[in-house]
Amino acid sequence: MRSQKSAASILGGILLSVPIVTWSQAWPTKPVRVIVTFAPGGSSDVVARLLSGPLQQKLGQTVVVDNKGGAGGTIGAAEAARAPADGYTYAVFNVGHLTSAVLSRSARIDAAKDFSSVSQIASGTLMLAMNAGLPAKSLKEFIAHARSNPGRINYGSGGVASTQHLAMALLAHEAKLDLVHVPYKGTGPITVDLVSGQIQVSISNVLGFYPHVKAGRLVALAVTTDKRSPLAPDVATMTELGYPKVQVDIWQGVLAPARTPSAIIEKLSRAIAEIVAEPDVVQKLAAQGATPAGTSPKVFDKFLKDEAAKWLALAKAVNISAD
């Protein structure tokens, strides 16, 4: 396996120390652009548009959501990185951007050099589900079945080094399972094949799997965050079931081009925190299976460093590379 970049070199400088300039007190004086690095309709797009209206009211300027999809989100991310560090361009990032940056030597962006943290917006959870035809009805029984059938249990993901792949690899590593990875090009085909039994297990968005669980076609085994999903409150967490290290947050956050004045970043971060605490926004996030975060730049920066370290350690342990 090619040597992985260290967590420190990837995200050690994501929150840069920059001088506070006097004109930042008047920010913003023109429209603010928020780049979403995927096509309309995805989770990052939904969150960005949920924020844009209230943020526009708080800032007193138009907030434009600009979808720049392609190449797994790297095209839009690279455009955001090249934007002037004047407080008028931001990007909504998610866990997939982070893992791509830290696990690929050919990534178009370097989070440490190209961006400064603003705020984590929200986080959601993944659901581990299996085909209802398997002789198991719980995570404990599934793990016992998988251990008895090494190399015979297939799981689907959105591709090598995708969040789904990494989440399943993390579970397999912690539970000492020998599972077979089957890459797909999207969650739709994964769900179809999981329901039909072409693959036996997978991990994906609660919104996609839970309707099939309620219909009896799939069995929900666990969710991957430390709290239960508001969309599936009857499904236990990995921590509750004895696997506290299998934590996978499907988060979205805002990053600014590196060297954006810290006074502007702090102002925007406070505005985001206030918005995601509003009851109607909390309710709308819950409908997407997400919970609000609204963290400070310092807290978000530490979160990103911890995430990078976790995925780098896993990649080294199980020989995964995004290249």
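Arginine 259 is exposed in this predicted model, with a relative accessible area of 57%, where exposed denotes over 50% relative accessible area, buried under 20% and partly exposed the range in between, for a 1.4 Å probe and protein chains only. This arginine lies in the loop between strand S9 (249–257) and helix H10 (262–276), and its phi is near 75 degrees, a positive value in a residue other than glycine. Helices (H or I, at least four residues) and strands (E, at least two) are DSSP runs, numbered from the N terminus. Lysine 176, in the loop between helix H7 (163–175) and strand S6 (179–183), likewise has a positive phi, of about 60 degrees, although it is not a glycine, and is exposed with a relative accessible area of 67%. Most residues other than glycine have a negative phi, and most peptide bonds are trans. The peptide bond from tryptophan 27 to proline 28 is cis, with omega near -5 degrees, and proline 28 is placed in the loop between helix H1 (7–11) and strand S1 (32–36).

The model is a predicted one, in which local features need pLDDT of at least 70 and side-chain atom pairs count only at pLDDT 80 or more, while totals for chains, interfaces and linings use all residues. Residues are numbered from 1 along each chain as its sequence is written, and side-chain values use heavy atoms, with hydrogens and water left out.

In helix H9 (residues 206–214), the buried residues are Val206, Phe209, Tyr210, His212 and Val213. These residues cover an arc of only 165 degrees around the axis, which puts them on the same side of H9, the arc being that of the directions from the helix axis to the C-beta atoms. The buried residues of H9 pack against strand S4 (115–131), helix H8 (187–196), strand S7 (201–205) and strand S8 (218–223), with contact taken as heavy atoms within 4.5 Å. The N-terminal end of H9 is capped by asparagine 205, of which a side-chain oxygen lies 2.7 Å from the backbone nitrogen of leucine 207, and just after the helix glycine 216 takes a positive phi of about 85 degrees.

Helix H4 (residues 95–103) packs with helix H12 (residues 297–318) at an angle of about 55 degrees, their axes being 10 Å apart. The contact is made by Val95, Leu98, Thr99, Val102 and Leu103 of H4, and by Leu304, Glu307, Ala308, Trp311, Leu312 and Ala315 of H12.

How values were computed: Polar contact = N/O pair within 3.5 Å; in protein donor to acceptor, adjacent residues only side chain to side chain. Axes fitted to C-alpha atoms, helices over the stretch in contact; angles between N-to-C directions.
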